[in-house]
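Have the model open while you read.

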Amino acid sequence: MMGIDEKLQPILAEVKRRNAGEPEFHQAVHEVLESLGRVVAKHPHYLDLALIERICEPERQIIFRIPWVDDHGKVQINRGFRVQFNSALGPYKGGMRFHPSVNVGIIKFLGFEQTFKNALTGMPIGGGKGGSDFDPKGRSDGEIMRFCQSLMTELHRHLGDQTDVPAGDIGVGGREIGYMFGQYKRLNNRFEAGVFTGKALAYGGSRARTEATGYGNTYFVQAMLATKGTSYDGKRVVVSGSGNVAIYTIEKVQSFGGKVVACSDSSGYVIDESGIDLALLKEVKDVRRERISEYARRRGADAHFVPAEKGSVWDVACQVAMPSATQNELSGKDARALVKNGVMAVGEGANMPCTPEAVKVFQDAGVLFAPGKAANAGGVATSALEMQQNASRDSWTFEQTEARLATIMRNIHDTCHATAEEYGAPGDYVLGANIAGFVRVAEAMRMLGVI
Ligand code: NDP
């Protein structure tokens with residue numbers, strides 16, 4: 001990685017001034033601007049038109065109150081967010097996150113990343129993101145439903161299948177999407193299938209959407225490994241998290257012959273030298289919504305649990321690491337431990353899970369490194385396929401949808417690879433993804449005038 005070109009430094013300074021106290025957003029902008037020096041050297045008109053400044057400023061930010069009543073009859077208040085970042089390429093598109101850490105800076109960083117990610121898919125979707133500081137852990141089904149309904153009572157006026165199309169993210173899966181879509185339908189008196197993605201098959205969802213982010217990251221890393229003439233076969237793999245992205249990463253890696261030996265949640269990690277038992281993991285996390293220690297307890301002698309305060313999942317030796325939990329979960333220290341243990345490829349399933357220091361450690365050590373905005377784009381790409389099926393009132397087979405996903409991931413890989421080479425940094429997927437994503441959005445914005 002390199003520093004920021006001096007022509008771009010005032011842009012970052014202004015972003016920091018205007019968005020004070022939002023470190024994750026500053027970090028995401030910093031990382032993209034680091035790559036853009038080479039673009040403005042080649043195409044100075046991007047500076048004249050203030051395209052970079054415009055791309056860093058969301059088109060619209062919505063913050064609202066979400067009042068709801070818990071099971072004890074007590075009124076609870078949460079805060080809701082939707083940041084409609086950029087619509088140059090299509091309707092705003094990006095998930096909703098429910099987690100107590102959510103604030104406007106986190107939603108902004110995710111919306112910013114989403115804009116470039118969506119551009120990389122080559123599909124007609126703009127960038128947006130939303131969520132709430134609501135903590136779903138320990139809440140009953142009824143509480144989740146009332147919360148989702150209250151959120152949508154406000155948010156519905158800002159959405160539409162041609163305007164803004166949310167989906168899931170941390171804490172938001174099929175159940176929550178169902179409740180939000182149900183309330184949207186009721187308020188609008190309109191079955192607008194394309195206003196939400198990640199829907200269940202029963203009411204307009206797409207096959208392979210649930211699996212898409214994890215499968216997509218697995219395909220991306222497979223393509224990177226292939227550039228070195230190797231594959232997953234027989235390799236030790238560590239996946240962090242045990243939610244949607246992690247589970248389907250593990251499934252696909254195993255199908256390609258990789259051996260996943262550890263996964264985690266916020267309470268700690270499990271190590272299972274005979275390979276993670278996916279059916280048990282799904283039962284514990286997906287069906288029963290229990291903690292990861294329960295996996296180790298039920299698996300018996302094969303596995304053991306290490307609490308978060310006693311160590312990091314990245315201490316487990318592996319050749320491929322796929323961080324799939326949350327931002328900044330993999331530090332410089334973790335990266336050094338991974339490099340020491342012989343890691344050769346890292347694919348970010350989560351958004352910005354590696355700190356800038358960790359990314360530098362990997363790149364300096366010659367580790368193949370896939371940034372989230374490229375590697376985890378399979379989820380949103382399949383969401384765009386869901387919108388396509390909704391618009392044509394069609395429903396594709398799993399095989400057909402997965403084949404499209406695999407092609408899209410291959411294209412994203414090749415685009416990032418070729419762009420890095422074109423701009424004089426062969427093998428730098430961070431630079432390739434940032435430049436390719438930026439150029440597609442910036443070109444569309446240029447053609448649309450000063451908007
Ligand atoms: P889930 O809610 O299904 O799972 C999240 C997992 O990460 C859980 O195991 C959770 O553990 C863990 N986690 C969350 N926050 C923290 C934290 N602060 N510290 C440690 N562990 C944490 O979410 P997803 O799998 O959908 O999302 C995971 C990542 O992938 C996110 O970064 C998301 O933005 C990204 N992503 C998701 C896409 C999708 O299609 N779902 C698409 C593209 C990116 P616990 O249960 O203990 O909280």
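## Helices H12 and H13

In this predicted model, helix H12 (residues 332-340) and helix H13 (residues 356-364) have axes that come within 7 Å and cross at roughly 20 degrees. That makes H12 roughly parallel to H13, a label used for angles under 35 degrees. Axes here are lines fitted to C-alpha atoms over the stretch in contact, with angles from 0 to 180 degrees between N-to-C directions. Helices are DSSP runs (H or I, at least four residues), numbered from the N terminus.

On the H12 side, Gly-332, Ala-335, Arg-336, Leu-338 and Val-339 make the contact, and on the H13 side Glu-357, Ala-358, Val-361 and Phe-362; contact means heavy atoms within 4.5 Å. Sorted by class, that's 6 nonpolar, 1 polar and 2 charged residues.

## Helices H8 and H9

Next up are H8 (residues 209-227) and H9 (residues 244-255), whose axes come within 7 Å and cross at roughly 55 degrees. That makes H8 oblique to H9. Their contact has 5 nonpolar, 6 polar and 3 charged residues.

## Around the ligand

Which of the 24 residues around the ligand come nearest? They're Asp-169, Thr-213, Ser-266, Arg-291 and Asn-351, where "around" takes a heavy atom within 4 Å.

A side-chain N or O atom of Ser-266 is 2.5 Å from a ligand oxygen. For Val-245, a backbone N or O atom lies 2.9 Å from an oxygen atom of the ligand.

## Reading the numbers

Residues are numbered from 1 along each chain as its sequence is written, and side-chain values use heavy atoms, leaving out hydrogens and water. Because the model is predicted, local features need pLDDT of at least 70 and side-chain atom pairs count only at pLDDT 80 or more, while totals for chains, interfaces and linings use all residues.

Terms used:
Helix = DSSP H or I, 4+ residues; strand = E, 2+ residues; numbered from the N terminus. Parallel < 35°, antiparallel > 145°, perpendicular 65-115°, else oblique. Nonpolar A, V, L, I, M, F, W, Y, C, P; charged D, E, K, R; others polar. Polar contact = N/O pair within 3.5 Å; in protein donor to acceptor, adjacent residues only side chain to side chain.
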